[in-house]
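Hello,

Here is the structure I promised to pass on. Please open it first, then read my notes below.

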Amino acid sequence: MAEPTWAPLTGFRVAVTSARRAEELSALLQRRGATVTSAAAIAMVPLPDDDELHEHTKALIAAPPDVVIATTGIGLRGWIAAADGWGLANDLIEGLGKARVVSRGPKATGALRAAGLPEEWSPESESSREVVHYLVEGGIDGLRIAVQLHGATDDWDPYPEFLDELRAAGAEIVPIRVYRWHPAPRHGAFDQLVAGIAERKFDAVSFTSAPAVAAMLMRAVELGLEDRVLSALRTDVHAMCVGPVTARPLVRLGVPTSAPERMRLGALARHITDELPLLQSRTVKVAGHVLEIRGTCVLVDGVVKELSPAGMATIRALAHRPGTVVARRDLLNALPGCGTDTHAVETAVLRLRTALGDKQIVSTVVKRGYRLAVDEFPAGVA
């Protein structure tokens, strides 16, 4: 049997919003056949230039905390590297070493141990909520807790509930915001990506941090596209997130999201590979063929058939209710840049039949329109 000419993500369009490791994620998706558009949603504030982090570091050295919570490995390593650049690394590690140390997950644990700061406890689930429960259960009233946080923008805080629960239990919180972010510059590639989401030019958009989600939502508001972006994300453009913390801003807005079990870049690529074809493709049996409709192409009996935008719009309209007659006027309205001449529909159908390789797949219903020649009609369809 011949090898298939397509990969798992052939015909699917994925937007990548990552600031870090975007090339790696894009390459993983492209190797699986996806068409990838990448534009970073946020830009990092260089650690040596982060005056807020510098001041908080000096304050913790002067008055060490009772408890330290490390939430990410890269964030903790970045904090210590920045302190080293300021000549404060040894003093910082010494001060933190006097505190109880709690880690949110294995990567943070590894960074802590590498710095000579063995953890008191870490949840197996990598859940911030479990960290809060552990500390509150043991009593933190009156304690001063330094929380290493990863990724905040000037306008948005990804950890408000986490910190508020600790404060509600009586703790004084010192937030250490490592790797703060600015939104991407206006009028650039990211604006075009957000507009593409609004125009449903993607089948999925990937997010690897909650600040990137926040930046996308804020940019949609600035561009006057908020309603269209949210509508697209609730229907045709699937939000694929690296984990539940990243997804939270979307979930609050009623946007469906999905995420891999493990919060890793490779796991996200595999998740998109496994889930997107289930979410965004449609398979019907027509005229003795198996027809699978994807974002930018169709597969006929497993063979890729490249279609024009007009061809894709036509086949999607016909497949909305397979076997049902679609009037020429309705097909005209579905065509990109449609005018008023129904001759454009006849041209689009003719070219579609040629591209599919079997003219019997699309049937003409005299004086009514066109339909897919499904092998079995769904109940109630005539």
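Is E172 buried, partly exposed or exposed? E172 counts as partly exposed, because its relative accessibility is 47%. Keep in mind that this is a predicted model.

E172 has a charged partner. Its salt bridge is with R144, and the closest N and O atoms are 3.8 Å apart. This pair links distant parts of the chain: R144 sits in strand β6 (residues 144–153), E172 in strand β7 (residues 172–183), and 28 residues separate them. R144 has a relative accessibility of 17%, so it counts as buried. The cut-off for buried is under 20%.

Other salt bridges

The whole structure holds 15 salt bridges. One of them joins the side chains of R113 and E119, at 2.5 Å from N to O. R113 counts as exposed because its relative accessible area is 53%, and exposed means over 50%.

Another is formed by R219 and E222, with the closest N and O atoms 3.0 Å apart. Both residues belong to helix α9 (residues 210–222). They are three residues apart, about one turn of the helix. R219 is buried, at a relative accessible area of 3%. E222 is partly exposed, at 47%. The pair is also part of a network: salt bridges with shared partners connect R186, D191, R219 and E222.

The sheet

Which strands make up the open sheet, and in what order? There are five, arranged β2-β1-β8-β9-β10, with parallel pairing. β2 (35–38) and β10 (257–258) are the edge strands, each pairing on one side only. Inside the sheet, look at β1 (residues 13–16) and β8 (residues 204–207). These two run parallel and are joined by three bridges. V16 has S206 in β8 as its bridge partner.

R270 is located in helix α12 (residues 265–280). Its relative accessibility is 47%, so R270 counts as partly exposed.

If you have time for one view, start with the network of R186, D191, R219 and E222. Then move on to the patch.

Best wishes

How values were computed
Residues numbered from 1 in each chain as written. Predicted model: local features only at pLDDT ≥ 70, side-chain atom pairs only at ≥ 80, totals over all residues. Heavy atoms only, no water. Pairing = 2+ DSSP bridges. Helix = DSSP H or I, 4+ residues; strand = E, 2+ residues; numbered from the N terminus. Buried < 20%, exposed > 50% of the residue type's maximum accessible area, 1.4 Å probe, protein only. Salt bridge = Lys/Arg side-chain N within 4 Å of Asp/Glu carboxyl O.
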